[in-house]
4 protein chains.
Amino acid sequence: MAPVFSSGPAAGGPRSLSKILDAARDVLSAQGYPALTIEAVAAAAGVGKSTIYRWWPSKEALVADALAEIFRAEEIPDLGDTHAELRHAVDMTIDNYANEDMATSLPALAGGLLPHPELMTRFREAFLYRKRENIAAALRRGIQRGDLPHDLDIDLVQDIWAGTILYRRLMTGAPLGTDLAEHLVQLVTDTPPLLPTKKQECAQ
Amino acid sequence: MAPVFSSGPAAGGPRSLSKILDAARDVLSAQGYPALTIEAVAAAAGVGKSTIYRWWPSKEALVADALAEIFRAEEIPDLGDTHAELRHAVDMTIDNYANEDMATSLPALAGGLLPHPELMTRFREAFLYRKRENIAAALRRGIQRGDLPHDLDIDLVQDIWAGTILYRRLMTGAPLGTDLAEHLVQLVTDTPPLLPTKKQECAQ
Amino acid sequence: MAPVFSSGPAAGGPRSLSKILDAARDVLSAQGYPALTIEAVAAAAGVGKSTIYRWWPSKEALVADALAEIFRAEEIPDLGDTHAELRHAVDMTIDNYANEDMATSLPALAGGLLPHPELMTRFREAFLYRKRENIAAALRRGIQRGDLPHDLDIDLVQDIWAGTILYRRLMTGAPLGTDLAEHLVQLVTDTPPLLPTKKQECAQ
Amino acid sequence: MAPVFSSGPAAGGPRSLSKILDAARDVLSAQGYPALTIEAVAAAAGVGKSTIYRWWPSKEALVADALAEIFRAEEIPDLGDTHAELRHAVDMTIDNYANEDMATSLPALAGGLLPHPELMTRFREAFLYRKRENIAAALRRGIQRGDLPHDLDIDLVQDIWAGTILYRRLMTGAPLGTDLAEHLVQLVTDTPPLLPTKKQECAQ
DNA sequence: TAGTAACCGAGACGGTACGTCAAGTCTTGCA
DNA sequence: TGCAAGACTTGACGTACCGTCTCGGTTACTA
């Protein structure tokens with residue numbers, strides 16, 4: 001996966017790029033997000049500061065690329081079993097946020113990027129849309145099978161899932177066990193008309 | 001409300017305390033979280049830096065107290081109407097996160113406090129438990145009225161509500177309209193057995 | 001002597017001022033002018049960089065103050081002997097430039113200050129006028145005694161003296177022995193009308 | 001005139017050599033000595049940095065060569081008139097130092113080269129000896145004509161001339177008018193025994 | 001006329017120092 | 001004598017150049 005935030009020429013890119021991303025993750029894990037300074041990453045990567053600044057405009061962009069590399073966003077395999085597929089989707093999301101670096105860095109990152117719409121767009125590209133599309137595919141399969149209501153609000157489902165998981169991880173500190181995963185899946189699968197239709201939403 | 005993070009002697013505290021909190025909020029609104037420096041607050045409050053350091057151990061603690069003052073956590077009045085009360089609860093939560101300062105600062109704050117359990121506890125005190133207790137009371141009234149399942153997982157409901165709202169505000173940027181509020185309420189009120197019981201969760 | 005280039009409040013000033021000037025001279029002697037970096041001085045003085053920047057606007061100003069402290073500019077005592085007094089004056093000048101730091105730093109400094117008239121004025125204040133006034137007094141005593149032509153161009157004499165000495169030190173590398181001193185004195189004392197009158201000069 | 005400081009193979013040299021020297025002078029005139037960086041010269045010359053480093057070991061060497069090309073050191077024509085010839089010599093020296101680049105760069109250069117005897121030698125070669133020999137020839141003609149004392153210290157005369165001019169240009173800022181030129185010439189021509197003999201000096 | 005080697009442009013690289021800023025601590029002077 | 005002002009050390013910021021280096025590409029000389 002090519003770096004999303006690097007401002008470098010096209011892609012493939014310079015020889016020290018991956019060395020730097022590795023170092024960034026190392027520092028992140030060892031010292032935490034606030035201690036992640038460009039100088040620390042440069043030192044850990046055995047690289048000059050300017051080499052980092054040549055390829056990333058800011059600490060935020062660098063961390064975003066470093067996290068993007070460990071962010072799971074793969075396709076949900078078609079198992080023929082809607083419940084199992086959704087459970088897979090939720091587990092993947094939990095996996096992403098169970099990682100300490102991800103949990104503490106992502107919100108800080110997002111907060112820092114909010115005032116920079118252009119970067120925020122790239123951020124959503126890297127951390128939301130790719131994963132969401134795959135999960136949406138699984139949800140659509142469930143609808144086609146008749147297991148889910150045909151007018152399910154797919155985006156809202158995902159906001160609820162990811163939001164609840166991240167909130168627990170970050171704010172309440174409540175456990176992210178199998179229980180939670182199951183509950184989140186059942187929120188969608190158990191009963192009609194669990195979640196409102198898109199039409200209703202649009203009629204707002 | 002006495003400052004939660006101030007390390008000062010008992011409470012009541014010195015005459016410049018509220019002046020400082022006001023200044024902190026002013027700077028936050030005017031310049032945003034990254035520009036909120038102790039020096040800027042000191043200057044805005046017409047106070048020496050050391051005066052701030054006397055009462056708060058860090059910028060995080062100061063911001064936390066400043067935000068806590070504008071964080072809505074009042075009691076939900078007993079309206080005799082479960083749906084209306086829950087809607088009130090959700091609206092209050094949306095209100096809290098609609099505020100730009102709150103949305104960008106809270107996650108950064110929480111992320112920064114995660115490695116400091118002691119401060120994290122105080123943080124949850126100020127921003128979660130007070131509000132949650134009031135909402136929990138409303139939910140319990142709904143259960144007693146028979147409008148909600150008797151084994152509703154009250155904490156999970158609140159995680160879902162707050163998580164979804166914060167996630168939309170911070171990550172996806174999706175709107176926090178009346179539609180969302182209504183959906184979140186219906187998630188609880190519409191159907192048995194919408195949300196699993198606590199027992200199930202504990203049996204995890 | 002209060003620092004001339006320090007931009008600090010009045011004088012007397014902060015507790016680390018002289019520590020810094022001492023360190024600057026140490027670095028100058030040990031490593032030379034090009035190696036004199038603010039960071040090196042800060043390290044040698046056991047002081048933060050910003051402490052230096054608080055009091056001096058630039059490396060040039062700092063070096064100027066450091067050199068000013070070792071620059072001899074005392075009064076020429078009235079010996080009743082014109083030749084001896086002038087010899088004293090020339091010896092003092094040679095003394096100033098015999099110092100390696102002074103010889104290599106002063107011209108570089110002056111070159112660097114040429115484009116900044118305001119600083120150049122302060123520079124001349126510190127390194128020329130104080131010394132020149134004392135020497136001028138000696139020359140005027142010589143004129144009153146009848147030992148020197150009454151229309152001697154006092155400024156030109158001093159330009160010749162200092163210029164020749166500095167040029168030898170910096171460019172040709174020729175020795176600054178007693179011979180040179182004596183020659184420079186004799187240039188003025190030996191014969192009428194050795195040096196032109198001021199009137200002639202003004203008539204230019 | 002072949003570059004004195006270039007470390008290139010023999011001479012004649014590569015096609016971009018003069019383009020680089022021209023660019024160096026341009027930058028020097030436009031931005032001044034401190035702003036003359038290798039990168040700036042490379043950019044101005046439309047040349048890669050390494051091309052400059054291939055031919056000159058340092059910025060100092062490059063500037064020295066650039067200045068050497070505009071340094072006047074031609075022969076003094078035999079006019080049969082000692083006073084006129086010396087005046088020619090002094091005017092030539094004034095010309096050299098009246099140039100702003102020369103005045104500010106030469107002292108800085110010389111100061112920087114002082115600790116490097118090998119480079120200092122080459123520097124004197126380029127900026128002193130060539131010119132001095134021509135002026136010395138004029139002085140010797142004056143001695144042969146009987147216009148100047150037979151034991152005139154030729155080196156001292158030149159130190160006085162160049163030193164005074166450079167000192168005025170660099171330090172005092174006093175004007176370098178025709179008056180000064182005339183005074184400097186008269187210093188030598190007016191009276192015996194204006195300047196001491198070499199023998200006396202050597203007996204020091 | 002082609003092959004080859006020196007020379008060149010471009011610019012990435014590991015570094016050093018810049019001058020600025022804010023953090024958090026320590027000192028001083030006033031009330 | 002206790003607090004406000006602010007000088008202090010520290011350390012990261014992001015920038016500018018340093019001098020080294022690897023890349024292709026282009027001259028221009030040899031074979």
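User: Which helix gives the most to the lining of the second largest pocket?

Analyst: Helix 6 of chain D does, with 7 residues. Helices here are DSSP runs of H or I of at least four residues, strands are E runs of at least two, and both are numbered from the N terminus. A note on the basis: this is a predicted model, where local features need pLDDT of at least 70, side-chain atom pairs count only at pLDDT 80 or more, and totals for chains, interfaces and linings use all residues. Residues are numbered from 1 along each chain as its sequence is written, chains are lettered from A and ligands numbered from 1 in written order, and side-chain values use heavy atoms, without hydrogens or water.

User: How much space lies in the second largest pocket, and which residues are closest to its centre?

Analyst: Rolling a probe the size of a water molecule over the atoms shows where empty space is left. A pocket is an open set of points on a 1 Å grid over the protein atoms alone, where a 1.4 Å probe fits and protein lies on both sides within 12 Å along at least five of seven lines; lining residues have an atom within 4 Å of a point. Points join across faces, edges and corners, and the volume is the space filled by probe spheres set on them. The second largest pocket holds about 670 Å³. It has 31 lining residues, and C:Ala108, C:Gly112, D:Tyr33, D:Pro34 and D:Ala108 are the closest to the centre. Two or more residues each come from helix 4 (59-70) and helix 6 (100-113) of chain C, and from helix 1 (17-31), helix 4 (59-70) and helix 6 (100-113) of chain D.

User: How many residues of each class does that lining have?

Analyst: The classes first: Ala, Val, Leu, Ile, Met, Phe, Trp, Tyr, Cys and Pro are nonpolar, Asp, Glu, Lys and Arg are charged, and the others, Gly among them, are polar. The lining of the second largest pocket has 12 nonpolar, 13 polar and 6 charged residues.

User: What volume has the largest pocket?

Analyst: About 820 Å³. The largest pocket has 37 lining residues, with A:Tyr33, A:Glu60, A:Ala108, B:Tyr33 and B:Ala108 nearest its centre. By class, the lining divides into 15 nonpolar, 14 polar and 8 charged.

User: Now the DNA. Which residues are closest to DNA strand E?

Analyst: Near means that a heavy atom of the residue lies within 4 Å of the strand. DNA strand E is surrounded by 37 residues, and A:Ser50, B:Lys49, C:Lys49, C:Tyr53 and D:Thr51 are the closest. Of the atoms of DNA strand E that come within 4 Å of the protein, 67% belong to sugar and phosphate. The surface near DNA strand E has 10 nonpolar, 14 polar and 13 charged residues.

User: Which atoms of chain C lie beside phosphate oxygens of DNA strand E?

Analyst: Read these as polar contacts, pairs of N or O atoms within 3.5 Å. A side-chain N or O atom of C:Tyr53 is 2.3 Å from a phosphate oxygen of DNA strand E. For C:Ile38, a backbone N or O atom lies at 2.7 Å from such an oxygen. For C:Glu39, a backbone N or O atom lies at 3.0 Å.

User: Which residues come nearest to DNA strand F?

Analyst: Among 27 residues around DNA strand F, A:Tyr53, B:Gly48, C:Thr51, D:Lys49 and D:Tyr53 come nearest. Sugar and phosphate make up 59% of the atoms of DNA strand F within 4 Å of the protein. Helix 3 of chain C gives the most to this surface, 5 residues. By class, the surface near DNA strand F has 8 nonpolar, 11 polar and 8 charged residues.

User: Last, is D:Ile94 buried or exposed?

Analyst: Buried means under 20% relative accessible area, exposed over 50%, and partly exposed in between, with a 1.4 Å probe and protein chains only. D:Ile94 is at 9% relative accessibility, so it counts as buried. D:Ile94 sits in helix 5 (residues 82-98) of chain D. Leaving out residues up to four places away in sequence, D:Ile94 touches D:Ile165, D:Leu176, D:Gly177 and D:Ala181, where contact means heavy atoms within 4.5 Å.

Note on methods: A polar contact is a pair of N or O atoms within 3.5 Å; within protein, one must be able to donate a hydrogen and the other to accept it, and residues adjacent in sequence count only if both atoms are side-chain atoms.
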